[in-house]
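Here are my notes on the fold, as promised. Have the model open while you read.

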Amino acid sequence: MGKFAFIVHPLEAKDFSRKFSFAKNWPDSIVEKILKYIPPLKVSDIRGIESPYAKAEGMFVACPLTSNQMVSMPENYVIKKIIKTGKIAEKAGAKIVGLGAFTSVIGDAGISIANNLGIAVTTGNSYTVATALEGTKEAAKIMGIDIKNAQILILGATGSIGAACAKVLADQVRFMTLAARDERKLEKVANQILKTTGLVAKVTTNTKYALKAADIVIAVTSAIDSIIEPEDLKPGAIVCDVSRPRNVSKQVANLRKDVLVIEGGVVEVPGDVDFGFNFGFPPKTSYACMAETMILALEERYENFTLGRDLTVKQIETISNLAEKHGFKLAGMRSFERALTKEEIFEIRSNANAKKHFKGDLLGIIDKNYV
């Protein structure tokens, strides 16, 4: 039986109360001060993962630092704490450990952590890319968008997930914009895409401007605050939000009934799985990064599978094939932690079409009045 572990951490201070309810009303500043002194710990056992070919079991181990702490505290301190968390998994018998959320992006994206552990390490980013793109394409079909001729925006295109999404999509689309804070790194990604596919991708550091023109947005930044607001999106736009914490403000769901926001990288896990821990998902579903670790354990493929910031198309194809083999699949369409029905998506499409027609009619009236 395959044995694995997955490192989790509180995205926000309030997430600490999911495990320790007595902290529910504590101020964030107090929680973060306490977290600095809490050692890594095992959170729960994971049982019941079963495919037609194999079984696996594992555990969640927690690195008690919030996203804010991971990006604001000294990098060396954070990496050492992640390594200590991995050591708990190693001592408990895990043969591969997955890096969750910000533990996968700190420093050199897992390489130093792997070098200091005696077990295999993966960030899960390969399967995250595969499922994000699969979900985006399915959403485009339902919304009636021809992805080949749509304006595609990769937000966070210089990160490992963003760059991989761009490279995979590049030979399937005609119009792509890459957005991030570092123009030099953006140009590097754009040049790689040009050499391998012939697509000339635009680059920009002006996120707000790029959002307004995009038909499809894949959001994969490491920002700890929301960066996509209701006024940023055009009617009918699709946003696949892969980031945790989320890149899309909850106000988008409240105020924009004409845009479709979906969660990237949420999958159904085969078997009667019990995670022993509530991380906010329905039963038997997980993040794709978690699932990648499970898939490799089912295969007993104990190797450093996805590490560093350069993902390859081959890695993504390999993990996609293994996922299909073992029965992992997209968990339908989800938005802001709830399932979306096709009826709801069709309503969003209808609202978007109504807005577009109204805008067209209004422009026609203005043109007539000023002729």
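**Helix packing and the sheet**

1. Helix α5 (residues 125–143) packs against α10 at an angle of about 125°, and their axes are 7 Å apart. Axes here are lines fitted to C-alpha atoms, for helices over the stretch in contact, with angles from 0 to 180 degrees between N-to-C directions. The pair is therefore oblique (under 35 degrees is roughly parallel, over 145 roughly antiparallel, 65 to 115 roughly perpendicular, the rest oblique).

2. Keep in mind that this is a predicted model: local features need pLDDT of at least 70, side-chain atom pairs count only at pLDDT 80 or more, and totals for chains, interfaces and linings use all residues. Residues are numbered from 1 along each chain as its sequence is written, and side-chain values use heavy atoms, leaving out hydrogens and water.

3. Who touches whom? On the α5 side the contact (heavy atoms within 4.5 Å) uses Asn125, Ser126, Tyr127, Thr128 and Thr131, and α10 brings Ala288, Cys289, Ala291, Glu292 and Ile295.

4. Now the sheet: it is open, with six strands in the order β5-β4-β1-β3-β2-β13 and mixed pairing. Strands pair if DSSP finds at least two bridges between them; helices (H or I, at least four residues) and strands (E, at least two) are DSSP runs, numbered from the N terminus. β5 (120–122) and β13 (271–274) are the edges, each with a single partner strand, so one side of each has no neighbour in the sheet.

5. β2 (residues 41–50) and β13 run antiparallel, joined by two bridges. Arginine 47 sits opposite aspartate 274 in β13.
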